Amino acid sequence: MINTWLLKPAELILKGENRKSFEGTLKNNIHILLSSVDRNIKIKFTSGRYYIHAPCEYSEKIENILNHLIGISGWVKTETCEKKEDTVLRACVEEGRRLFNNGIKTFKIEARRTDKSFPLTSYELCCKAGDAVTNAVSSLVVDIHNPQDIIKIEIREKAFVYSGGKKGCGGLPVGTAGRGMLLLSGGIDSPVAGFLMAARGMNIDAIHFHAYPYTSLEAKQKVICLAKLTGMYCMRIRLYILNFTKVQMKIKECAPFSWTTILLRMAMMEASEKTAKKNNCKCLITGESLSQVASQTIENLTCSQSRISLPVLRPLIGFSKEDIIKKAKQIGTFDTSIQPYQDCCTLFSPPHPVLHGNTEEANRIYEKLELEPLIDEALQNPEFI
């Protein structure tokens with residue numbers, strides 16, 4: 001048995017002359033993801049809709065992919081039938097019975113007639129379909145203002161009848177906005193930041209800094225897991241893991257203790273930029289939120305990026321922690337992020353850090369540390385996943 005899924009594009013429908021480019025990228029992304037299930041799955045695009053035709057045994061895998069697909073506002077499994085009045089009404093009745101069996105008591109009909117050769121107008125089709133459903137399923141009641149569900153009819157090259165459906169991730173297709181390098185820690189924030197930039201169309205690479213043996217191998221594995229979870233939305237993520245132990249120890253031993261967090265962030269930014277430029281990334285991405293912690297005051301953020309030229313995108317800059325947690329739960333990264341393994345950003349954290357660092361002073365201290373050889377050493381042999 002062949003099932004059909006109807007996918008509704010998200011923001012790309014607002015695009016002008018370059019809309020076809022966005023549509024092509026989304027279709028290519030769908031093709032790549034579905035090829036992992038079966039290369040013979042059929043994908044069709046017409047009149048602002050994408051259609052997937054596949055054997056029913058692939059339903060679970062396909063729907064998992066659609067739940068992670070950036071670029072669609074929603075998707076639904078739909079019945080297809082011939083564009084004949086009696087056939088369409090029968091399909092509506094069957095959909096009404098299914099709704100009633102699922103506990104639905106009130107409904108309404110919505111019709112969209114792209115093919116104007118169909119003999120009924122959208123309004124006439126709504127009226128006839130509503131009558132057909134209530135005559136066949138007397139316990140279902142029409143409520144046009146607050147229905148529990150909606151039976152939708154689309155008259156296109158075929159007739160499509162469906163109800164319910166799932167909300168999509170929205171956003172723009174991944175691959176339409178360049179490539180960025182995400183600084184991926186083991187916390188809650190950075191995976192959410194990566195997802196949000198992917199939803200703006202950006203391809204994501206990621207870099208992680210660990211300080212073994214001061215940070216555990218479990219902490220590194222946790223980050224790899226977060227990259228995989230985030231990568232389900234991003235088509236894929238290329239993860240670079242740098243051993244930053246020597247850099248961090250040099251900062252700890254030679255720098256004023258209250259400055260260590262800011263100086264470490266400056267070193268991470270420098271290493272991230274060098275990695276980004278090698279991989280054609282046009283920006284850095286962080287999970288920083290203004291004033292959430294001491295290193296994220298506006299002055300300290302300025303210090304952190306003072307030694308690099310690439311732009312730093314901070315999609316969470318105005319988010320509250322509650323907002324970030326809500327999004328992390330929604331995309332499925334929260335439970336992994338809260339596993340109790342310490343990352344290198346929290347190692348040797350001063351009890352009284354500098355809150356409003358001066359950029360000139362930060363760079364004066366940083367340059368005295370002569371960290372560049374140690375950073376370059378860490379960059380020579382990154383672990384690549």
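Mentor: Thr87 is buried, because its relative accessible area of 16% falls under the 20% cut-off. Keep in mind that this model is predicted. Thr87 belongs to helix 3, residues 85-101. Beyond its neighbours within four places in sequence, Thr87 is in contact with Cys81 and Glu82.

Now the rings. The whole structure holds five aromatic pairs. One of them joins Tyr51 and Phe160, and it is stacked: 4.7 Å centre to centre, with 15 degrees between the planes. Tyr51 sits in strand 3 (residues 49-55) and Phe160 in strand 8 (residues 159-163), so this pair ties together parts 109 residues apart in sequence. Both partners are buried: Tyr51 has a relative accessible area of 1%, and Phe160 has 2%.

Tyr240 and Phe384 form a tilted pair, at 5.1 Å centre to centre and 45 degrees between the planes. Here strand 12 supplies Tyr240 and strand 15 (residues 383-384) supplies Phe384, 144 residues apart. Tyr240 is buried too, at 9% relative accessibility. A ring also meets a charge: the charged end of Lys329 sits over the ring of Phe334, 5.1 Å from its centre.

Next, the second largest pocket, with about 320 Å³ of space. It is lined by 18 residues, and Lys228, Gly231, Met232, Met235 and Arg236 are the closest to its centre. Helix 2 (59-67), helix 6 (217-231) and strand 12 (237-243) each give two or more residues to the lining. Helix 6 gives the most, with four. By type, the lining has eleven nonpolar, four polar and three charged residues.

Notes: Residues numbered from 1 in each chain as written. Predicted model: local features only at pLDDT ≥ 70, side-chain atom pairs only at ≥ 80, totals over all residues. Heavy atoms only, no water. 1 Å grid on protein atoms, 1.4 Å probe; cavity = no way out; pocket = protein on both sides within 12 Å on 5 of 7 lines; lining within 4 Å. Points joined across faces, edges and corners; volume = space filled by probe spheres on them. Nonpolar A, V, L, I, M, F, W, Y, C, P; charged D, E, K, R; others polar. Buried < 20%, exposed > 50% of the residue type's maximum accessible area, 1.4 Å probe, protein only. Contact = heavy atoms within 4.5 Å. Phe/Tyr/Trp six-rings, centres within 6.5 Å; stacked < 30°, edge-to-face > 60°. Lys NZ or Arg CZ within 6 Å of the ring centre and 35° of its normal.
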